[in-house]
Amino acid sequence: MAITHPSFGTLDDDRIIFFDTTLRDGEQSPGFSMNLEEKLRMAAALDDLGVDVIEAGFAIASPGDFESVQSIARLFGREGPVVASLSRANPADIMASANAVKPAARPRIHIVLATSELHMRVKLRMTPDQVLERITESVTLARNHAADVEWSAEDGSRSEDEFLCRCVEAAIKAGATTINIPDTVGYALPEETGRQFRMLRERVPGAEKIIFSTHNHNDLGLAVANTLAAVQAGVRQIECTINGIGERAGNAALEEIAMALRTRHDRIASRHSIKTQRLLGISRLLAAITGFDVQPNKAIVGRNAFAHESGIHQDGVLKDASTYEIMTPESVGWTKSSLVLGKHSGRAAFKDRLATLGYVVGDNQLNDAFKRFKDLADRKKIVYDEDIAALVDDEISNQQNRLKLTALTVATGMGAKPMATLALEVDGEKRDGMATGDGAVDATFAAIRNAWPHDVTLKLYAVQSVTGGTDAQARVTVRMEEAGKLVDGQGADTDTIVASARAYVHALNKLLVKRERREPPVA
Ligand code: KIV
Ligand code: ZN
């Protein structure tokens, strides 16, 4: 049955709403924090991708979170996505969300309150009746500030049927327009998820007037399966994140759901607004911003997702790609040719290639990336798509950073103690550093500490080759810890030591962002 919703108007039965929470559930997980400029870039890319709702953050968590929700709210007009902010079920949280999303053409206030016996008793220390009362009060308050209000039953999948029905009924009566039943701890099986939503749709008075939403965590690797089961049970809103990032094992991956719905349209009739050709581009953008690459075998966007290694498979694909490919690489943004540009290629060709690879860059960023590309093309015979992606990712992740590496020289050799000399720019001010170490990388990291003293523990140092050949770029990942906070940084260059220094400085920049904020207290 068609539903009329304050933000979307009349919605047909098969229309699926994509609610992206990369900037809230995703961003609050360890190592994934972003600064304001990075969040704005992600929000613009999510809009280009076609998501219907962007959960921009948790406004009460810190002044920085409030500012980012508010800035994202200002980005879009009526044609753009709905902008939501999360709130616990209390007036201060709800008012922070209401004020932060106010500038949006289509604002949403999202309220969460736990409904499982365990969470109510241990975490909330509230009786079921108090929870019911709080639902009515909080949703009523939110409705005084926004027409579009979502209510979420935290730990909903482990909540008792009878009580959950009463909670959902109370939220609908108080004016909630979307009801979300999260599998907060990633415990549910697909058949249980489907059963729970069917039960709610059948039993709760008023259920036919609102949109049901599903939000699944991936602790058992079932987040996407649970999401699809929910859709098959009549759920219209899907909460998900790019690359599946999120608390613990993450959330359901947007790219996997979008492609499952497209590829298995024969079994799940649905329509949605995701432009699937942009999936790879936004996945890479997020990886560049956060410094976390997806694993090679990650569905849809992993490096091996469309690679056929075995002879039998290659033979089949050459005869007819559909023998082993259930979707085309192009449909999610992969391009056929890998060999691209050389040192004679111009700016226009470079820009065009970036667009094909899914990068949307401003003029300044294009100029900087093009300079680095020319430099790379001088040093490297063949420049592959992967090289360009690594270079632009590096450029993107280091923009707007407080610390910048501006010079580095390392003297090393057999029997000699390596010595690194470098220059950093810290908030625009030049700092020099010099140190020796046990190896060139150790000397370089010590020189960074010498230029800008800090005390962190290095947890991981890993080098990967971007392509083959001795002139290949190295992509280095560095993980560091400070007071229990973990961050990852990445850097790429044909020189492994330069790539290492870039990765280290990138991680330090992310640590600075972390220092400025306190962690939000919800899942
Ligand atoms: O996992 C969860 O329960 C959440 C809610 C805040 C929706 O993220
Ligand atoms: Zn969650």
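Author: Start where helix α4 starts: a side-chain oxygen of Asn-90 reaches to within 3.1 Å of the backbone nitrogen of Ala-92. Helices here are DSSP runs of H or I, at least four residues; strands are runs of E, at least two; both are numbered from the N terminus. This is a predicted model, where local features need pLDDT of at least 70, side-chain atom pairs count only at pLDDT 80 or more, and totals for chains, interfaces and linings use all residues. Residues are numbered from 1 along each chain as its sequence is written, chains are lettered from A and ligands numbered from 1 in the order in which they are written, and side-chain values use heavy atoms, with hydrogens and water left out.

Helix α4 covers residues 91–101. Its buried residues (under 20% relative accessible area, 1.4 Å probe, protein chains only) are Asp-93, Ile-94, Ala-96, Ser-97, Ala-98, Ala-100 and Val-101. They pack against two helices, α3 (63–75) and α6 (128–143). They also pack against strands β5 (82–88) and β6 (107–114).

Both strands belong to a barrel. Its 8 strands close in the order β3-β4-β5-β6-β7-β8-β9-β10, with parallel pairing; two strands pair if DSSP finds at least two bridges between them. The twist averages 25° from one strand to the next. Strands β3 (residues 17–20) and β10 (residues 237–240) are joined by 4 bridges. There, Phe-18 stands opposite Ile-238.

As for confidence, the chain's mean pLDDT (the predictor's confidence in each residue, from 0 to 100) is 91. Of its residues, 96% reach 70 or more.

Technical notes: Buried means under 20% relative accessible area, exposed over 50%, partly exposed in between (1.4 Å probe, protein chains only). Contact means heavy atoms within 4.5 Å. A polar contact is a pair of N or O atoms within 3.5 Å; within protein, one must be able to donate a hydrogen and the other to accept it, and residues adjacent in sequence count only if both atoms are side-chain atoms. Axes are lines fitted to C-alpha atoms, for helices over the stretch in contact, and angles run from 0 to 180 degrees between N-to-C directions.
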